[in-house]
Amino acid sequence: MAAWLRRRSGAPLYDQAFGDRALAERCQDMVMGRWEGARDLLAERPRDDWDRRAHRLRLLADAAANRRTVDVWQASDPTNPDAAVLRAETEVMRMFAGARTGTLPGKDSLDRAARMCLQASDLAPEDPHPYVSLVGHWWKELRDRDLYHREGHHQALRYLSARWHGSHGEANNFAWEAASYAPAGSPLAIMPQVARAEQYRFQTEAEGRTAIGLTFHWNGGRARWDLRTAQEKWTKHRTVPQAQDVADLNYLAHGLVHGGMEGEATAVFRLLDNRATRIPWSYSGDAERLFVRWRDKLLT
């Protein structure tokens, strides 16, 4: 029996590390105040695997945001480029966390985070990640280093969303453009689904699920065209799994089932192998219940 079928039933698997066991362990270390494991993990990576590095930096920074672990590491080794890059990412995480609770960062906080990112870029000149945090102002610098950097595009989409500094139109146009210039096999093909899910979340929180304009939000002609394009450009050419495929595949599965494309969604649920993310399923109701319902319906 296929592995995906054996693991089809029961609760979905939630794993922020997306199967990266070493990363999960190092995140626990950061919470416990130990930074040596993160140092070793970031040092051992292939130098050109920017996708995996971005995934690891993001989760390590998230684990470190409420602790001073990374601050201590950088203070003890101020010339270490990995310490500088992680400290800059952590500072940005702290600002986003504050913004989500209604505490918008002041100019001094923004300037400090920018300085940290620029210092990190000086210590790690080939690394695109310091520019992810400065993506609104340093987009060219990021793309010069990695033209199709997944995390950078997602951060830019967040910046352009109505929830932050832009509008639904700006976010959607950016997502469509990113998907159009992405090469075959690039997860950037899923960007329109991310923008669509974020717009749905924003409008339903503000106006409820009967909001004007949402009638054909998931199953209109443009929505279905975007879904078919994502499959043609990404999943059919997806030969080398990327670090954050689980998140992107969940966006694709969510869009397909809400768009009435259940046949196409079946193949995506098989690729997921029961690995779930709460976003974007939580935007449409109880995340686990929705995932399990569609998984069982399509894979039975």
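**Helices, a cavity and a pocket**

Modeller: Let us begin with a contact, keeping in mind that this is a predicted model: Pro-192, Gln-193 and Arg-196 in H12 meet Arg-222, Ala-223, Asp-226 and Leu-227 in H13. By class, this contact of H12 with H13 has three nonpolar, one polar and three charged residues.

Colleague: Why are H12 and H13 called oblique to each other?

Modeller: H12 and helix H13, which covers residues 221–233, pack at an angle of about 140 degrees, and their axes are 9 Å apart. An angle has to be over 145 degrees to count as roughly antiparallel, and roughly perpendicular runs from 65 to 115 degrees; H12 and H13 are therefore oblique.

Colleague: Which residues of H14 and H15 meet?

Modeller: In H14 they are Val-246, Leu-249, Asn-250, Leu-252, Ala-253, Leu-256 and Val-257, and in H15 they are Glu-262, Glu-264, Ala-265, Val-268, Phe-269, Leu-271 and Leu-272. Sorted by class, the contact of H14 with H15 has 11 nonpolar, one polar and two charged residues.

Colleague: What makes a space a cavity, and what makes it a pocket?

Modeller: A cavity is a place where a 1.4 Å probe fits but cannot get out, whereas a pocket is open. The count comes to one cavity of 30 Å³ or more, and about 80 Å³ of space lies in the largest cavity. The lining of the largest cavity includes Ser-161, Arg-163, His-168 and Phe-202, and the elements that give two or more residues to this lining are helix H11 (168–181) and helix H12 (191–207).

Colleague: Which helix gives the most to the lining of the largest cavity?

Modeller: That is H12, with four residues. The lining of the largest cavity divides into four nonpolar, four polar and two charged residues.

Colleague: What volume does the largest pocket have?

Modeller: The largest pocket has a volume of about 1200 Å³. Of the 34 residues that line the largest pocket, the closest to its centre are Arg-58, Arg-158, Tyr-251, Ile-279 and Tyr-283. By class, the lining of the largest pocket has 16 nonpolar, six polar and 12 charged residues.

Technical notes:
Residues are numbered from 1 along each chain as its sequence is written. This is a predicted model: local features need pLDDT of at least 70, side-chain atom pairs count only at pLDDT 80 or more; totals for chains, interfaces and linings use all residues. Side-chain values use heavy atoms; hydrogens and water are left out. On a 1 Å grid over the protein atoms alone, a cavity is a set of points where a 1.4 Å probe fits but cannot get out, and a pocket is an open set with protein on both sides within 12 Å along at least five of seven lines; lining residues have an atom within 4 Å of a point. Grid points are joined across faces, edges and corners, and a volume is the space filled by probe spheres set on the points. Ala, Val, Leu, Ile, Met, Phe, Trp, Tyr, Cys and Pro count as nonpolar, Asp, Glu, Lys and Arg as charged, and the others, Gly among them, as polar. Contact means heavy atoms within 4.5 Å. Axes are lines fitted to C-alpha atoms, for helices over the stretch in contact, and angles run from 0 to 180 degrees between N-to-C directions. Angles under 35 degrees count as roughly parallel, over 145 as roughly antiparallel, 65 to 115 as roughly perpendicular and the rest as oblique.
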